[in-house]
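Here is a short briefing for a reader meeting this structure for the first time. Please look over the sequence and the model before reading on.

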Amino acid sequence: MNTNFYNSLSNHFGFKAVSKTLFIIFLFSYSSQLFAQSVPAAPTSVTASPSVICMGSLASLKATSPGNSIRWYTESTSTVTVGTSASGANFSVSPSVATTYYAEAYTSLGIASATRTSVTVIVNTIPEIISVPQDIMTSNTPGDCGAIINYPSVTVVGIPAPSVIYSQPSGTHFQVGTTTVLTTAVNTCGSSSLSFDVTVNDVEYPAMVTPPNINLTAPSGSTTVSNVDLGTPIVTDNCGEYTISNNAPSTFPGGTTVITWTVTDSHGHSVTTTQSVTVVVSNTAPVLNDITSNDADNIIAQFTCATLNIGWLDEPNGGPYTIDVDWRDSSAHTVLTGVSAHSVTPSHTYNKTGVFAPVIKISDGSNAKDTIVFKYLVVYIVGNYSTTTEGEFTAPAGSLVSNPNLSLCNRKVEFGVECKPKACHPGMFDGEVEIELNGGHFEFETEKIDWDYLAVSACFLATFEGSGYLYPEGHHNGCHGRCHGGCNNNSGHHYGILIVQSDKYKNTSNANKVRIKIWNIDNGAIVFDTQMGAPDYALPTTTLSKGCVKVKVPNNCVPRLEDADGMMFTGAFQTIVAPNPFTSDFKIDVSSMSESNINVEIYDVVGKLVQSIPNVSVNETFTVQNDLPTGVYFVRITQDENSQVVRVIKQ
């Protein structure tokens, strides 16, 4: 027997012959059956359920061949089966790829159908995302709290072709911050996901407009303002989330305070702007001005009421004000308190006669102060007072305006004057005056003159004023003195005359001195003045070289010692400090009827002596040289038992 045939049959029937003899016996037995069976037909109703599966799932194969069994192959001609099943029974498979299965019918004796019937099982796969975009970082679009972001599509595989779902599709708006984009691939077998980040950075700073600057006035008596409504800044920001702060104090002091406002957005960007708050403190010193008297020419009679009209400048609501008026006659001061207006009209009755310079002081609600001296109130005599003078003196150089270089030999002035109560007219005065400058330079004469007033100070000092006609010599045409009342030629002009004279017999520490001033009433031009530039009521400084001054007063006249902002009577002195305020040096001009030297001391605001100048001659101007720092100082001038303090300011 052919060995190959033997082996083939053994494999076909599934056994290995022990011996060829036994095999031959079997073969004869089988052959009798084989020839008794026919070849089966190919299987029918070959199906796969389901015909499409996902990888890892089972499909049931089924084929029908009545009376036969089914062999399953994955190739149409393969002799290697993947399994067998009964006719009409399920055969489970789990292919990893699409696979075609072949069904073959075979009999109990192993006779196989000549053909095989096929069925295909389709295998789908779960989606797999191969790649996603790299993480994206960008800046916001100006004015926007985000940006439109575009990015490439993901790469994905899977059967069937998956659909891709994006949590934030490309080309959509992304808010400032980090957004995680989830990409999901989906098909019938399932899904898979991967993600990437999109970061939009806010690079835009907020903008802020602060409220307007504020100007305030502190309440009266206060130097600060509290509870100030600063207003609200206007802020714009692309994301609209921010915080606002400022460094404003709870209480604003006087002056200008600069406030810094800060706005910080939610991403840490800060912007600062400023606002100023200016507080005007009501400690600006009031300024006294417009001081007038209700009495014509500031001349009043003894024992009558004098009224001053006092006004001042100050900021609104600078009060309440306190006004102190020292009438300079040793009487009690007039003190007005709680004044809210900017003017007052205090009154006072003078029981003494003389030339008075009331001192007015004011303090406002913050105790800022100002002082002014009213020059002057003339209180004239009511009663049996009079004064006469007859004598001569040498006119100081420069006394005659028309000839300031008049030689020494031609400066002798001869004069006589009388001022007495007018008969039957209480409070009125008349008399005579005759003044002639040696050398025929001018004459001032009247046989009869009505004096405007007579004021006697401290029993020895007489001041009186009137008017007459002035004649250059040779031009009065013999009309001596009568021109005041009845001579109307064109050679004279109407002139005013002021005389101040002191009687040394009423004050033995003084000499007989006089001051004469003559001026054009029409235009105010000075013609002659023995104390050129001095105030009208300065103490006389020109001593008579011949003759005497007599001031007739009642026996009970009591001398007084008073100052009037630099003017002192009864043997004291008058001081002029200029300039004041000063920047370097300043001058002191001291006029006194006493020949004693004076001492000058300068103190600072805390009372410390900073400079001393002893033994200064009177009746002359001297310069105070100093290296004082800027500030307020007090100059004390002392002569004998009298002293005066003048406040000065160095700028």
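The points below cover disulfides, salt bridges, nonpolar cores, cavities and backbone features.

This is a predicted model. A search of the whole structure finds two disulfides. The salt bridges come to eight. Two cavities of 30 Å³ or more are counted.

**Disulfides and other cysteines**

- A disulfide is a covalent bond between the sulfur atoms of two cysteines.
- Cys 54 and Cys 189 form one of the disulfides, with sulfur atoms 2.1 Å apart.
- Cys 54 lies in strand 2 (residues 52-54), while Cys 189 sits in the loop between strand 14 (177-187) and strand 15 (190-201), so the bond ties together parts that are 135 residues apart in sequence.
- The torsion about the S-S bond of Cys 54 and Cys 189 is about -95 degrees, so this disulfide is left-handed.
- Both Cys 54 and Cys 189 are buried.
- Another disulfide joins Cys 145 to Cys 239, with an S to S distance of 2.0 Å.
- Cys 145 lies in the loop between strand 9 (136-139) and strand 10 (146-149), and Cys 239 in the loop between strand 19 (234-236) and strand 20 (242-246), so the pair ties together parts that are 94 residues apart in sequence.
- The torsion about the S-S bond of Cys 145 and Cys 239 is about 95 degrees, so this disulfide is right-handed.
- Cys 145 is buried, because its relative accessible area is 16% and the cut-off for buried is under 20%.
- Cys 239 also has 16% relative accessibility and counts as buried.
- Cys 305 is partly exposed, with a relative accessible area of 43%.
- Cys 419 is buried, at 0% relative accessibility.

**Salt bridges**

- Glu 104 forms a salt bridge with Arg 71, and their closest N and O atoms are 3.3 Å apart.
- This pair links distant parts of the chain: Glu 104 is in strand 7 (residues 99-106) and Arg 71 in strand 4 (residues 69-73), 33 residues apart.
- Glu 104 counts as buried at 6% relative accessibility.
- Arg 71 is buried too, with a relative accessible area of 17%.
- A network of salt bridges links Arg 71, Glu 104 and Arg 116.
- Glu 392 pairs with Lys 546 in a salt bridge, the closest N and O atoms being 4.0 Å apart.
- Here Glu 392 is in strand 35 (residues 386-394) and Lys 546 in strand 45 (residues 546-552), so distant parts of the chain, 154 residues apart, are linked.- Glu 392 is buried, with a relative accessible area of 9%.
- Asp 529 forms a salt bridge with Arg 515, and their closest N and O atoms are 2.9 Å apart.
- Asp 529 lies in strand 43 (residues 526-529) and Arg 515 in strand 42 (residues 513-520), so the pair ties together parts that are 14 residues apart in sequence.
- Asp 529 and Arg 515 are both buried.

**Nonpolar cores**

- The largest nonpolar core has 33 residues.
- Val 433, Trp 451, Ile 497, Ile 499 and Ile 516 have the most contacts inside this core.
- A second, separate core has 20 residues, including Ile 300, Tyr 350, Phe 374 and Val 379.

**Cavities**

- The largest cavity has a volume of about 50 Å³.
- Its lining includes Ala 395, Pro 396, Leu 400, Arg 411, Leu 437 and Phe 528.
- The lining residues of the largest cavity divide into eight nonpolar, three polar and one charged.

**Backbone features**

- Most residues other than glycine have a negative phi, and most peptide bonds are trans.
- A cis peptide bond joins Ser 49 and Pro 50, with omega about -10 degrees.
- Pro 50 is in the loop between strand 1 (44-49) and strand 2.
- Ile 159 and Pro 160 are also joined by a cis peptide bond, with omega about -5 degrees.
- Pro 160 is in the loop between strand 11 (155-159) and strand 12 (163-166).
- Ser 330 is not a glycine, yet has a positive phi of about 70 degrees.
- Ser 330 lies in the loop between strand 27 (321-326) and strand 28 (334-339).
- Ser 330 is exposed, with a relative accessible area of 57%.
- Asn 615 has a positive phi near 50 degrees, and is likewise a residue other than glycine.
- Asn 615 is found in strand 49 (residues 609-616).
- Asn 615 is exposed, with a relative accessible area of 57%.

Definitions and conventions. Residues are numbered from 1 along each chain as its sequence is written. This is a predicted model: local features need pLDDT of at least 70, side-chain atom pairs count only at pLDDT 80 or more; totals for chains, interfaces and linings use all residues. Side-chain values use heavy atoms; hydrogens and water are left out. On a 1 Å grid over the protein atoms alone, a cavity is a set of points where a 1.4 Å probe fits but cannot get out, and a pocket is an open set with protein on both sides within 12 Å along at least five of seven lines; lining residues have an atom within 4 Å of a point. Grid points are joined across faces, edges and corners, and a volume is the space filled by probe spheres set on the points. Ala, Val, Leu, Ile, Met, Phe, Trp, Tyr, Cys and Pro count as nonpolar, Asp, Glu, Lys and Arg as charged, and the others, Gly among them, as polar. A salt bridge is a side-chain nitrogen of Lys or Arg within 4 Å of a carboxyl oxygen of Asp or Glu. Helices (H or I, at least four residues) and strands (E, at least two) are DSSP runs, numbered from the N terminus. Buried means under 20% relative accessible area, exposed over 50%, partly exposed in between (1.4 Å probe, protein chains only). A disulfide is a pair of cysteine sulfur atoms within 2.5 Å. A nonpolar core is a set of buried Ala, Val, Leu, Ile, Met, Phe, Trp, Tyr and Cys residues joined through side-chain atoms within 4.5 Å.
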